[in-house]
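Biologist: Please show me the model, and then let us go through it one question at a time.

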Amino acid sequence: MYYAQTRHHHNVDSFHDLMKAFFRSYPEWNAMWADEGPGKGLKIKVREKDVRVTLPFPGVSAKDFDVEVMGDTLSIRANRTQDSSDENKQYLCRERSTESFQESVRLPVRVNGSATSAKYVDGVLTLLIPREDPEANGSKQIKVD
Amino acid sequence: MNEEMKKNEQYMEVLPAADIIDSEKNAVISLEVPGANAQTVTVEVKDQVLTMEARSSLTYHGMPLLYKRSFQLSDAVDVENISAKTQDGILTLTLPKSERAKVHRIQVQ
């Protein structure tokens with residue numbers, strides 16, 4: 001009745017996780033394992049005043065996210081609550097991900113994690129983490145005589 | 001003029017992931033279109049082909065994403081009454097079945 005092109009979807013298993021971890025260091029080799037296709041995966045951009053983090057994760061609500069900034073480590077967990085009525089539905093095509101997302105990354109700059117702002121709009125989680133002012137940190141230029 | 005402007009704008013075209021659920025009265029297509037909303041989505045049906053396009057706020061190498069996908073419809077779909085909505089980056093299309101395609105139970109006497 002309906003024609004829909006189905007896409008190849010790999011199952012998440014330890015092998016997949018291993019390859020993903022390996023190819024993360026060499027994203028130009030294989031975009032599939034690194035989840036770096038357009039509209040996929042965590043993106044981190046260091047700007048002058050802050051660090052902007054985006055994660056496309058459609059179909060959930062704001063309360064499904066756990067975000068934590070500890071020191072310079074950012075941890076994001078996104079849960080997909082399983083629909084219990086799923087079993088009875090007749091799928092003609094099923095491609096949307098049912099996986100949860102979990103990742104911890106070390107940010108390349110010092111940040112002020114407690115002032116992080118987060119919002120979830122149109123299926124995209126956006127975090128703005130202000131960068132730490134180097135002077136507020138008590139760092140001081142030392143003059144060598 | 002408008003067509004020309006459209007051509008000059010560079011988009012990264014992406015095939016959105018879809019779920020299609022069949023039920024007695026209708027078929028529901030849900031598509032993942034993160035970064036798009038009601039203002040940036042268009043859905044049209046022409047010659048029994050349904051085409052959806054969604055411009056996203058996400059970018060890929062500086063180019064904005066354009067989610068685009070087409071579905072061939074059978075004449076069992078009541079094209080006049082297709083409805084669409086977006087929420088949290090999911091575009092949901094409800095395709096009611098035409099009277100002819102619905103299950104008719106016949107009482108045996």
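Modeller: A term comes before anything else: helices (H or I, at least four residues) and strands (E, at least two) are DSSP runs, numbered from the N terminus. Read that way, the elements of chain A run α-α-β-β-β-β-β-β-β-β from the N terminus on. This is a predicted model, in which local features need pLDDT of at least 70 and side-chain atom pairs count only at pLDDT 80 or more, while totals for chains, interfaces and linings use all residues. Residues are numbered from 1 along each chain as its sequence is written, and chains are lettered from A and ligands numbered from 1 in the order in which they are written.

Biologist: How many helices and strands does chain B have?

Modeller: The elements of chain B, from the N terminus on, run α-β-β-β-β-β-β-β-β. Counted up, that is one helix and eight strands.

Biologist: What is the mean pLDDT of chain A?

Modeller: pLDDT is the predictor's confidence in each residue, from 0 to 100. Over residues 1–12 of chain A it stays under 50. In chain A, 71% of the residues reach 70 or more, and the mean pLDDT is 80.

Biologist: What pLDDT does chain B average?

Modeller: The model as a whole scores ipTM 0.80 and pTM 0.75. In chain B, 93% of the residues score at least 70, and the average pLDDT is 89.

Biologist: What radius of gyration does chain B have?

Modeller: The radius of gyration is taken over C-alpha atoms, and the globule rule is 2.2 Å times the number of residues to the power 0.38. The C-alpha atoms of chain B fill a box of roughly 70 × 30 × 20 Å along the principal axes. A compact globule of 109 residues would have a radius of gyration near 13 Å, but the value for chain B is 17 Å.

Biologist: What percentage of the residues of chain B count as buried?

Modeller: A residue is buried if 20 or more other C-beta atoms lie within 10 Å of its own, exposed if 12 or fewer, and partly exposed in between, with C-beta atoms placed from the backbone. In chain A, with 145 residues, 15% count as buried. In chain B, with 109 residues, the figure is 31%.

Biologist: How many residues of chain B are in contact with chain A?

Modeller: Two residues are in contact if their C-beta atoms, placed from the backbone, lie within 7 Å. On this basis, 23 residues of chain A touch chain B, and the number on the side of chain B is 28.

Biologist: Which strand of chain A gives the most to the side that touches chain B?

Modeller: By class, that side of chain A has 12 nonpolar, six polar and five charged residues. Here Ala, Val, Leu, Ile, Met, Phe, Trp, Tyr, Cys and Pro count as nonpolar, Asp, Glu, Lys and Arg as charged, and the others, Gly among them, as polar. The element that gives the most, with five residues, is strand 5 (residues 90–94).

Biologist: Which strands stand at the edges of the open sheet of three strands in chain A?

Modeller: The sheet has the order 3-4-6, with antiparallel pairing. Each edge strand has a single partner strand, so one side of each is left without a neighbour in the sheet; the two are strand 3 (65–70) and strand 6 (101–106).

Biologist: Which residue is the bridge partner of A:M70?

Modeller: Strand 3 and strand 4 (residues 73–78) of chain A pair in the antiparallel sense over six bridges. In strand 4, the partner of A:M70 is A:T73.

Biologist: How many bridges pair strand 2 of chain A with strand 8 of chain A?

Modeller: Strand 2 (residues 50–56) of chain A also pairs with strand 1 (residues 43–46), antiparallel, over four bridges. Those two form a hairpin with three residues between them. With strand 8 (residues 124–130), strand 2 pairs in the antiparallel sense, and the number of bridges is seven.

Biologist: Is B:D47 buried or exposed?

Modeller: B:D47 is in the loop between strand 4 (41–46) and strand 5 (49–60) of chain B. Its phi is near 50°, a positive value in a residue other than glycine. Because B:D47 has 6 C-beta neighbours inside 10 Å, it counts as exposed.

How values were computed. Two strands pair if DSSP finds at least two bridges between them.
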